[in-house]
Amino acid sequence: MNLIHNYTFEDLQEILLENGFKKYRTSQIWDWLYDKKINSFELMKNLPSDLLTYLKTNYTFESLELVERQTSKDGTEKFLYKLRDGNLIESVVMRHHYGNSICISTQIGCNIGCSFCASGQIKRVRNLEVGEMVLQVLESERLIGEKIDSVVLMGIGEPFDNFDNVIKLLKILNHQKGLNIGARKLTVSTSGIVPRIYDFADLKLQVNLAISLHAPTDDVRNKLMKINRIYSIAKIIEALKYYLEQTNRRVTIEYILIEDVNDREIDALNLIELLKDVNVYINLIPYNKVLGTNYERSPEKNQKKFLHILKRGGLDVTLRKEQGHDIDAACGQLRSKTEKNK
Ligand code: SAH
Ligand code: SF4
């Protein structure tokens with residue numbers, strides 16, 4: 001049976017109409033799902049019995065079972081959830097002065113296989129359904145007892161490898177009758193699947209796009225991300241320019257700093273050369289050590305120097321302050337534990 005949280009407002013409306021129900025029932029159902037946040041059709045008191053029967057026989061609710069909850073010294077929380085089919089996924093909630101943000105997973109495992117990333121060590125098992133992504137937000141909100149204000153798709157998985165579901169998710173999160181989270185508070189991060197960047201641009205959503213570049217040249221990037229052999233840096237930059245033209249939105253470039261791999265002075269200079277005429281914002285992220293890799297975090301003095309060179313070169317850049325490091329909840333450290341359970 002399909003998850004009731006899999007459908008955008010428009011999709012559900014169409015389904016109801018096709019099945020002989022009134023259009024306005026969509027608002028009522030969504031009110032139960034996203035305002036009252038109930039998880040049973042039985043509780044939808046204002047629906048006629050034929051509609052209830054229809055819903056009950058065709059749709060179901062995903063219930064994420066909380067398997068583990070870890071809280072960091074800085075308030076960051078990591079939730080490990082079990083899905084109906086037994087697969088495990090992780091979400092991380094971070095507390096900021098401007099509100100709560102959640103980092104959610106989009107796939108079980110990831111096929112992109114970047115050499116530095118924990119999630120990439122597990123081959124993709126399957127894509128997450130829309131409802132499984134929506135529920136990460138709803139369930140985490142319930143568990144912390146507070147509203148989530150922003151959502152980043154930076155957990156396990158490559159969002160653009162689960163493109164259609166991710167777009168639906170963004171629509172549900174953004175919809176006024178859905179979770180009503182502003183498009184500018186939603187961020188999708190991709191390893192650079194170029195054709196999907198064009199598709200995303202054409203949708204003209206006002207959602208933030210972040211690109212995991214991590215290197216200024218193909219030489220360096222090939223070592224870190226094998227996907228670069230298919231979608232080179234030049235192709236990515238071209239796609240970014242198209243995205244900018246279509247949406248008028250600035251892209252964020254993510255750049256993890258790994259000692260002696262991409263944090264050298266020459267890398268900073270090459271990055272300036274690459275990006276000086278592209279309207280981007282650069283987010284430097286100190287690498288989080290992952291077991292089973294030989295990469296080390298760039299030392300603090302290299303991080304600062306790198307930042308300084310980029311600034312001097314006229315780039316708009318910040319060095320990200322990390323959260324949740326002590327509970328392995330920082331970016332790229334999630335690994336869904338599927339392997340450990342086999
Ligand atoms: N697959 C998408 C989104 C999930 S990864 C992507 O790659 O963009 C989210 C971010 O964490 C990416 O920028 C990724 O490169 C980064 N990341 C992965 N492993 C990391 C690590 N060990 N330390 C710091 N950042 C990491
Ligand atoms: Fe997948 Fe992103 Fe990790 Fe690469 S960095 S393996 S794309 S999750």
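This is a predicted model: local features need pLDDT of at least 70, side-chain atom pairs count only at pLDDT 80 or more; totals for chains, interfaces and linings use all residues.
The shell around ligand 1 holds 20 residues. Gly157, Ser189, Ser212, His214 and Asn288 come nearest. By class, nine residues of this shell are nonpolar, nine are polar and two are charged.

Polar contacts to ligand 1 involve both backbone and side-chain atoms. A polar backbone atom of Gly157 is 2.9 Å from a nitrogen atom of the ligand. The side chain of Glu158 also places an N or O atom 3.3 Å from a nitrogen atom of ligand 1. On the oxygen side, an N or O atom in the side chain of Ser189 is 2.6 Å from an oxygen atom of the ligand. Taken alone, ligand 1 exposes 520 Å². The protein buries 97% of that area. Two elements give two or more residues each to the shell: strand β10 (186-190) and strand β12 (251-257).

Aromatic contacts were then examined. A search of the whole structure finds 14 aromatic pairs. One of them joins Tyr54 and Tyr59. Their ring centres are 5.9 Å apart. Their planes meet at 70°, over the 60 degrees required, so the pair is edge-to-face. Tyr54 and Tyr59 are both buried. The two residues also belong to one aromatic cluster, together with Tyr7 and Phe21.

A further pair is formed by Phe116 and Tyr287. Here the ring centres are 6.5 Å apart. The planes stand at 85°, so this pair is edge-to-face.

The charged end of Lys36 lies over the ring of Trp32, 4.8 Å from the ring centre. The ring of Phe163 has the charged end of Arg196 over it, at 5.9 Å from the ring centre.

How values were computed:
Residues are numbered from 1 along each chain as its sequence is written. Chains are lettered from A and ligands numbered from 1 in the order in which they are written. Side-chain values use heavy atoms; hydrogens and water are left out. A residue is near a molecule or strand if one of its heavy atoms lies within 4 Å of it. A polar contact is a pair of N or O atoms within 3.5 Å; within protein, one must be able to donate a hydrogen and the other to accept it, and residues adjacent in sequence count only if both atoms are side-chain atoms. Accessible areas come from the Shrake-Rupley method with a 1.4 Å probe; for residues, only the protein chains shown count as cover. Helices (H or I, at least four residues) and strands (E, at least two) are DSSP runs, numbered from the N terminus. Ala, Val, Leu, Ile, Met, Phe, Trp, Tyr, Cys and Pro count as nonpolar, Asp, Glu, Lys and Arg as charged, and the others, Gly among them, as polar. Rings of Phe, Tyr and Trp (its six-membered ring) pair if their centres lie within 6.5 Å; planes under 30 degrees apart count as stacked, over 60 as edge-to-face and the rest as tilted. Buried means under 20% relative accessible area, exposed over 50%, partly exposed in between (1.4 Å probe, protein chains only). A charge sits over a ring if NZ of Lys or CZ of Arg is within 6 Å of the ring centre and within 35 degrees of the ring normal.
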